Each structure stands twice: as structure tokens, then as C-alpha cells.
Amino acid sequence: MGYYLKMIEQIKTIELFGKPLFTLVNIKAPIKVVTQMPSDEACFAYILEGGIHEFSEKEELIAQQKEAILSKCGSYVVEMLGSTTSSNYSSLTIHFYNEVLLRIYKDSLPSFLKTKEPQSHPIMAKVKHTKLLEHYINGVLYYFENESLTSEEILILKLKEIILLLFQTENSDQIKDLMNHLFTPKVYNFREIIDAHVCSTISIAELASLVHMSISSFKREFKKQYNTSPSNYFINKRTERVANLLRLTDKNVSELAYECGFKNVSHLSKVFKIKYGISPSQYRLNF
């Protein structure tokens, strides 16, 4: 965390009812952090410059400039990236707190704050760029430059406005399902989290953080569950997945290497030949 703080060039916050509502961050990228949002908090991160690669217990999403990620309570590994021309990363985060939402909607509780049976159990969702969303973000940025113009009433309206905009997005059904369970933690067992990240670029240390373990405890539990080391298990599973995709798709070997979490094609070819006795290309020809 200390390293992360050193990388921050600017951080500004606008509060509502004593809690952060909007947070504007500018940092030097790339940088990766582990974060835990408690059961009463969720957030919407809009990328102003650069990009973001976010891992939850079960999912992985990438968002670029003018896109956003809506995340419910839970554990995350977040990698913040610069753009193709700059190492700068900046974002505007909108924070959702259960007590704040209950307070602003006290006279008429909206449907998303009422308990419902989830349809797809989403943990996070990508929100694509729209002109309406871009205008909204520019309006919020204006208040960072003119904080004297903000008031409790205006901030409440802005919070309600972003919720309405989210319900009008392209993937509104997924957003609604997520909003209905922003503050309902989903508990996953050890194997569910591991198997969800077989082909992720997430490190062993970061994976350990998602299951709330130290690295040593994680490795002991992994050995107990799978009777092998994490590195051996992931290499074996990734190689099997490449073999499966070689049979079922026409993607080239380079695409499959990247898609299945290998560092490069030569690394894939080496471990593939050890397991199957032939190269990936020859394996495809055989089928």
C-alpha cells in the first residue's frame, strides 16, 4: 500500500453524509492493488485515461478510456494501466453505501434495494461508453473544479442520476441484477475461485488474497485440495485447455497462448510437447 501511495499524483474526494461519494484519482501506471470492499459498499469506476484490469473471486474484466466497471462488495485485484501514449491513469469512482442509499430513498425505496432472488449472480459488470454517461461524468468533474457550488441536495440528485443512467445501459438486465445485490456478499469455496482463474494472469500472491489467505497458507491448502503445487496445476490445466481449443476452434496458436494465460508461444510449445509429445500445430493437424 505504501508503494501505491507514492504512485498517486492526485486524489480528491467529494463527500455526502460524511462518506466519499466521488473520488478522483491520478496515478503513474502500471500498478496493481488488492482491495476489499465490505458488505455495505460498492463502487462504479469510470476510466478517464488509461485502462483497468480487474479480477474478482470469479470474474475478470478489462475497461478502457470512457468505459467503466460496476463492482459489488467483495475482494478484488485491480491493475491500473496507462494508455498507449502515456503512463498516466486517471479515474472517477462513484461510491455506493447501503446506509446512504437507504437515507436518500427513505420515502420511496427503489426495487434494487429490496431483496430479490439473483438471476445470474454477477459480481461486477462492464459499462460501455455512451454520450449520456460521458456528459454525466463531465458534470461531476465540474464540481471538483468548483466545490463551492456543491450542496447536499445536488449530490443526492447526482447519485440518483447515475443509478438511473445505469439502468439504461446496453446490458441493463445484468446491471439491474447486480444493483439488486450490491450489498449481498457471495461466498465461494476455495476450488470455485481457483478454477475460475486457471487462465488468468493473476499471480499466486494475488490469488491468495482473493481467498483471504497468506501465501504459505494458500500453498498448504492448495496441496491439500489438489495434491500438487499451484504452478503445476495451472500449467497442466492451461495446456489441456489449449488442446481442447485446438480441436474446437480455428484460432491460431499465438491467440490461444495469450487466451489461456501463457507468457508467450514458445513457453506454450515447450510445455505442450512435454505433455502431448508433439507441437500444438501438429496436434491440430492430427485432428
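**View 1. Lys-275 is partly exposed, at 36% relative accessibility.** Here, buried is under 20% relative accessible area, exposed is over 50% and partly exposed is in between (1.4 Å probe, protein chains only). This is a predicted model, so local features need pLDDT of at least 70 and side-chain atom pairs count only at pLDDT 80 or more, while totals for chains, interfaces and linings use all residues. Residues are numbered from 1 along each chain as its sequence is written, and side-chain values use heavy atoms, leaving out hydrogens and water. The partner of Lys-275 is Glu-240, with 3.6 Å between the closest N and O atoms of their salt bridge. That term means a Lys or Arg side-chain nitrogen within 4 Å of an Asp or Glu carboxyl oxygen. Glu-240 sits in helix H9 and Lys-275 in helix H11 (residues 265-276), so the bridge ties together parts 35 residues apart in sequence. Helices (H or I, at least four residues) and strands (E, at least two) are DSSP runs, numbered from the N terminus. Glu-240 is partly exposed too, at 29%.

**View 2. Lys-32 and Glu-206 pair up in a salt bridge (3.4 Å, N to O).** Lys-32 comes from strand E3 (residues 31-37) and Glu-206 from helix H7 (residues 204-210), distant parts of the chain 174 residues apart. Is Glu-206 buried or exposed? Glu-206 is buried, with a relative accessible area of 13%, whereas Lys-32 is partly exposed at 30%. By the same rule, the count comes to 10 salt bridges.

**View 3. Glu-170 meets Lys-128 in a salt bridge (3.4 Å, N to O).** Glu-170 is in the loop between H4 and helix H5 (172-179), and Lys-128 is in the loop between strand E10 (124-127) and helix H3 (131-145), so parts 42 residues apart in sequence are tied together. Glu-170 is exposed at 68%; Lys-128 is partly exposed at 45%.

**View 4. Ile-194, Leu-207, Phe-218, Phe-222 and Val-242 touch the most other members of the largest nonpolar core, which has 48 residues.** Helix H9 (residues 230-248) gives this core its largest share, six residues. A nonpolar core is a set of buried Ala, Val, Leu, Ile, Met, Phe, Trp, Tyr and Cys residues joined through side-chain atoms within 4.5 Å. Setting aside neighbours within four places in sequence, the contacts of Ile-194 (heavy atoms within 4.5 Å) include Tyr-226, Tyr-233 and Phe-234.
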